[in-house]
Amino acid sequence: MSEQQQPVFSIEKLYVKDLSLEVPHAPQIFLTQESPDVELKVHHESQKLEDHFYDVSVVLTVTAKLADGRVLFLNEVAQNGIFRLENIPEDDVKVLLGIACPNILYPYAREAVSSAITRAGFPPVLLAPINFEAMYEQQQAAPAGNA
């Protein structure tokens, strides 16, 4: 075993695990001219499937509300990917799962949000890029009790 195994980082499968869209006040809501307040919540997680294979999920929840509190739409997308990480030090695996994998999945989730909202009859919601590196560093800096 004098020859070290080459590290492997590959995408095995990309898939939408969950996609939901609610327009609770349709059709009357389409008569309003008011611009909504749009809120984005982002969550990501990973789990080991078997040796060297991990399922990573980026969940986006987009809620648009009017000033009176009525919900225009609520859209949730869970974009997942199965990644193969082999011959990579454990600390680097954590970084890949917390930063690299979400960076790969986010554009797919962002497109799914835009498509679903457009299909519901609303103008597309174009989500800004997300700095998963900063999110990861913030999570690492948080006290263990807050996890």
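The accessible surface of the protein comes to about 9,300 Å², and carbon and sulfur atoms account for 50% of that area. These values describe a predicted model, in which buried residues make up 33% of the 147 residues. The secondary structure consists of 2 helices and 4 strands, and from the N terminus on the elements follow the order β-β-β-β-α-α. The radius of gyration is 19 Å, well over the 15 Å that the globule rule gives for 147 residues, so the protein is more spread out than a compact globule.

**Overall form and charge**

- Taken along the principal axes, the box that the C-alpha atoms of the protein fill has dimensions of roughly 70 × 35 × 20 Å.
- Among the contacts in the protein with a separation of 6 or more, 69% are accounted for by residues 24 or more positions apart.
- The protein carries 10 positive and 20 negative side chains, and the centres of these two sets lie 6 Å apart.

**The nonpolar core**

- The largest nonpolar core has 31 residues, and F73 and L85 are those with the most contacts inside it.
- At least two residues of this core are supplied by each of β3 (53–65), β4 (71–86), α1 (90–119) and α2 (132–141), while the largest share, 10 residues, comes from α1.
- When residues up to four places away in sequence are not counted, L85 touches V8, F9, H52, Y54, V93, L96 and L97.

**E86 in strand β4**

- E86 has its place in strand β4, and because its relative accessible area is 17%, which is under the 20% limit, E86 counts as buried.
- Leaving aside neighbours within four places in sequence, the residues in contact with E86 are Q6, P7, V8 and H52.
- E137 lies 51 residues from E86 along the chain, and the C-alpha atoms of E86 and E137 are separated by 23 Å.

**V95 in helix α1**

- V95 is found in helix α1, where its relative accessible area of 35% makes it partly exposed.
- Apart from residues up to four places away in sequence, V95 touches A100 and Y136.
- Although V95 and Y136 are 41 residues apart in sequence, their C-alpha atoms are 7.9 Å apart in space.

**Backbone features in the loops**

- Most residues other than glycine have a negative phi, and most peptide bonds are trans.
- A26 and P27 are joined by a cis peptide bond, with omega at about 0 degrees, and P27 is found in the loop between β1 (8–22) and β2 (37–50).
- H52, which lies in the loop between β2 and β3, has a positive phi of about 75 degrees although it is not a glycine, and at 30% relative accessibility H52 counts as partly exposed.
- H52 is also listed above among the residues that L85 touches and among those in contact with E86.
- N87 is found in the loop between β4 and α1, and although N87 is not a glycine, its phi is positive at about 60 degrees.
- With a relative accessible area of 34%, N87 is partly exposed.

Methods:
Residues are numbered from 1 along each chain as its sequence is written. This is a predicted model: local features need pLDDT of at least 70, side-chain atom pairs count only at pLDDT 80 or more; totals for chains, interfaces and linings use all residues. Side-chain values use heavy atoms; hydrogens and water are left out. The radius of gyration is taken over C-alpha atoms; the globule rule is 2.2 Å times the number of residues to the power 0.38. Buried means under 20% relative accessible area, exposed over 50%, partly exposed in between (1.4 Å probe, protein chains only). Contact means heavy atoms within 4.5 Å. Accessible areas come from the Shrake-Rupley method with a 1.4 Å probe; for residues, only the protein chains shown count as cover. Lys and Arg count as positive and Asp and Glu as negative; His and the chain ends are not counted. The place of a charge is taken as NZ of Lys, CZ of Arg, CG of Asp or CD of Glu. A nonpolar core is a set of buried Ala, Val, Leu, Ile, Met, Phe, Trp, Tyr and Cys residues joined through side-chain atoms within 4.5 Å.
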